[in-house]
Amino acid sequence: MKLYEKLAQDIEQQIRKGVYRDGERLQSVRETSRQRQLSVTTVVRAYLLLESRGLIVSRPQSGFFVSLRRGAPEAPPEAPEKPRPIAISASVDVSRLVLSTLRTISAGGAVPLGSPYPDPAGFPFEKLNRYASAAGKQASLHDLQNALPPGHPLLIRQIVRRHLDQGLVVDPGEPIITVGATEAINLCLQAVAKPGDVVAVESPTFYAMLHAIERMGMKVVEVPTHPVHGIEVETLARLARELPIAACMVMPNFQNPLGYRMPDERKRALVELATELDIPIIENGVYNELYYGDAPPSTLKAFDRKGLVLHCSSFSKTLTSVYRIGWALPGRYRDQVEKLKFLNTLTTPSIPQLAIAEYLERDGYEHQLRRLRKTYAQQASLMRHAVARGFPADTRTSTPEGGYLLWVELPPQVDGLELYQQSLERGITVGPGYMFSVSNSYRHFIRLNYSSPWTREIEQAVATVGKIAAHGAR
């Protein structure tokens, strides 16, 4: 843990224990620097981290103040003391329900609090389209042939370099370009499991994982997942010794919907367990670039020494969702995934690959990412405060460390699906919790999207959803 993170943790504990109360002023930066024998920069970073978590606010010329509004969640949802029942499905059938929900979420004119997609206004469409236009005019037969697996070498080179910059050494022969991360996940699952096999997932989990399992006629076992530490490795170990688990699918960084960043020691433990039991892990890393801290998160792939981690990602959450360009790093299953890619979709269009490769090389992708990270971190704090102000007093929220999604636990008597339907009648969408499990474990949960610019319309929409929830809690 870095010095500023340790300081932030200490101050947060003092706030939670009531040492500092709502509205009280913290020690000044210089006072804390002198008292703790830390640099001013370290203290400022700690205070900014606390501010991004919605625990304090800065007031010009006055300092930093505790800002726990009435009804604010005192802590993220905790794993229950007793293990939750583990849902083992005979089959998975959530796709029709999710499709119906997503159609209404994308309906024109609705406030998209329930959308799974980032706000497209933050993407550099014009620049990418210019590169795509130039690539189309200059495309040769050779470029068109590069649409075949594994993909265009210029884009593969850029992907390998980005991973290297983040501390993950990737063999240039490993990546396979796919039609978004969804295809990468489907191909990887198809490579490691067969119809009827049992696949372990987090609970709650992103519904695209469930769709992949459903599509291939597999079974799912839901493993309890801590809102801070991630999937319960100990429970997974017990289940893996009781059930013939063929694969495990996880999202260790900024998980959808919980938003946590799995600690490195837990990542290492998960990979060690998989290595011991020879269980492949499909790692969904689509949000890895959207971290709020100073450094990118580690990946499960970085701890893998046996080629058991199949890492999947895409540019859809950070650059453009229109081009649908993703990739897989399939480890020891690389040849099988490449073959399945060819059999399933034959090619990935080369012009979008070239456009993205040119943008990555020439046009300031890091600047684009820094802007998105800063925006999302600020809007995460705004959304949490808005929920704290407008929702029932015993509502609790996640504490996202990246991405653009907030998981909200409502009072038990509030039905998330009814809240979704009543909100939709008022032109607002939310993501009902039932989409994130094959069981009914998250009936009183919803997911909110905060990627859109914070406007009066968004703030009023959150307040309206809160009023509906408050009425249902009576």
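This is a short tour of a predicted model, with stops to select one after another.

Before you start, residues are numbered from 1 along each chain as its sequence is written. In this predicted model, local features need pLDDT of at least 70, side-chain atom pairs count only at pLDDT 80 or more, totals for chains, interfaces and linings use all residues, and side-chain values use heavy atoms, with hydrogens and water left out.

**Stop one: the main core.** Select L113, L189 and M249, the residues with the most contacts inside the largest nonpolar core, which has 104 residues. Such a core is a set of buried Ala, Val, Leu, Ile, Met, Phe, Trp, Tyr and Cys residues joined through side-chain atoms within 4.5 Å; buried means under 20% relative accessible area, with a 1.4 Å probe and protein chains only. Now colour helix α8 (residues 180–192), which gives the most to this core, with eight residues. Helices are DSSP runs (H or I, at least four residues), numbered from the N terminus.

**Stop two: a separate core.** A second core of 23 residues includes A132, V160, Y323 and L329.

**Stop three: A355.** Move to helix α13 (residues 350–362), where A355 sits. A355 is buried, at a relative accessible area of 0%. Beyond residues up to four places away in sequence, A355 touches L128, Y131, A132 and Y323, where touching means heavy atoms within 4.5 Å. The C-alpha atoms of A355 and Y323 are 9.4 Å apart.

**Stop four: helix α15.** Select residues 416–425 and pick out G416, L419, Y420 and S423, which are buried. Viewed down the axis of α15, its buried residues fall within an arc of 105° (taken from the directions from the helix axis to the C-beta atoms), so they line one face. Finish at G427, which follows α15 and has a positive phi, near 75°.

Definitions and conventions: Helices (H or I, at least four residues) and strands (E, at least two) are DSSP runs, numbered from the N terminus. Buried means under 20% relative accessible area, exposed over 50%, partly exposed in between (1.4 Å probe, protein chains only).
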